[in-house]
Amino acid sequence: MKILAFAASNSRNSINKTFVTSVSKYYKEEDDIIDILDLNDYEMPLYSIDRELESGIPQLALDFAAKIDASDFLLISIAEYNGSYNVGYKNIIDWVSRIAGRKTFNGKPVFLLATSPGPMGGSTVLTTAVNRIAWDGAEVLDSFSLPEFGNNFESGKGVTNITYRSKLEAKVRATKRALREKFPLLT
């Protein structure tokens, strides 16, 4: 199985990238390939219809779409900026959505994550993402929010709070079952 994982953040020290990288390890099996993207590698001019008409779709948007298309499953950890998406992620999605003949996520199954330093764990933007990403062509298998990242996560160990770890692992098992049903030959 080809798994694409990324944080919906353009922060170089993104806790959401740390989180999604950690969670991706739950999915690694013998022949699986996990590709961890950094959105900074896909930085483009701000989307506008004027820019699109003048210059077309940037190659980086086409490259990002190709990464989605080449994957079987997406793990996305959504960063929350003032209750909404990070501008880097939103800009990429805006550009990819303009590629003719496609929905942004082209029917790919997705497990959505979020974390933040605060007690809400990015749950506001996660709720938005769960509702919006299906409109953008994703099949949302599940979602999980980890509050107070600094208190509940440790590098090398992952989620350290037993309650949150148990909830996360239950959701990982459920998404793995859904993936086995969807792709019996890949698992």
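Guide: A salt bridge is a side-chain nitrogen of Lys or Arg within 4 Å of a carboxyl oxygen of Asp or Glu. Glu169 and Arg165 meet in one, at 3.2 Å from N to O.

Visitor: What kind of model is this, and how are residues numbered?

Guide: It is a predicted model: local features need pLDDT of at least 70, side-chain atom pairs count only at pLDDT 80 or more, and totals for chains, interfaces and linings use all residues. Residues are numbered from 1 along each chain as its sequence is written, and side-chain values use heavy atoms, with hydrogens and water left out.

Visitor: Back to Glu169 and Arg165. Where do they lie?

Guide: Both are in helix H7, residues 162-182. They are 4 residues apart, about one turn of the helix. Helices (H or I, at least four residues) and strands (E, at least two) are DSSP runs, numbered from the N terminus.

Visitor: How many salt bridges does a search of the whole structure find?

Guide: The search finds 11. Among them is Asp38 with Lys17, at 3.4 Å from N to O. That pair links distant parts of the chain. Asp38 is in the loop between E2 and helix H2 (49-55), and Lys17 is in helix H1, 21 residues apart.

Visitor: Why does Asp38 count as partly exposed?

Guide: Because its relative accessibility is 21%. Lys17 is also partly exposed, with 26%.

Visitor: Which residue does Arg132 meet in a salt bridge?

Guide: Asp136, at 2.9 Å from N to O. Arg132 is partly exposed at 37%, whereas Asp136 is buried at 11%.

Visitor: New topic. Where is Arg102?

Guide: Arg102 is in the loop between helix H4 (87-96) and strand E4 (109-115). Arg102 is buried, with a relative accessible area of 15%.

Visitor: What does its side chain reach?

Guide: The side chains of Arg102 and Asp69 are joined by a polar contact of 2.9 Å. The Arg102 side chain also reaches the backbone oxygen of Thr104 at 2.9 Å. A polar contact is a pair of N or O atoms within 3.5 Å; within protein, one must be able to donate a hydrogen and the other to accept it, and residues adjacent in sequence count only if both atoms are side-chain atoms.

Visitor: Now the rings. How many aromatic pairs are there?

Guide: The count is 9. Rings of Phe, Tyr and Trp (its six-membered ring) pair if their centres lie within 6.5 Å; planes under 30 degrees apart count as stacked, over 60 as edge-to-face and the rest as tilted. Take Phe6 and Phe64: their centres are 5.4 Å apart and their planes at 75 degrees, so the pair is edge-to-face. Phe6 is in strand E1 (residues 2-8) and Phe64 in helix H3 (residues 59-70), 58 residues apart. Both are buried.

Visitor: What about Tyr27 and Phe73?

Guide: They form a tilted pair, 5.1 Å centre to centre, with 50 degrees between the planes. Both Tyr27 and Phe73 are buried.

Visitor: Which charged end sits over the ring of Tyr27?

Guide: That of Lys176, 5.9 Å from the ring centre. A charge sits over a ring if NZ of Lys or CZ of Arg is within 6 Å of the ring centre and within 35 degrees of the ring normal.

How values were computed: Buried means under 20% relative accessible area, exposed over 50%, partly exposed in between (1.4 Å probe, protein chains only).
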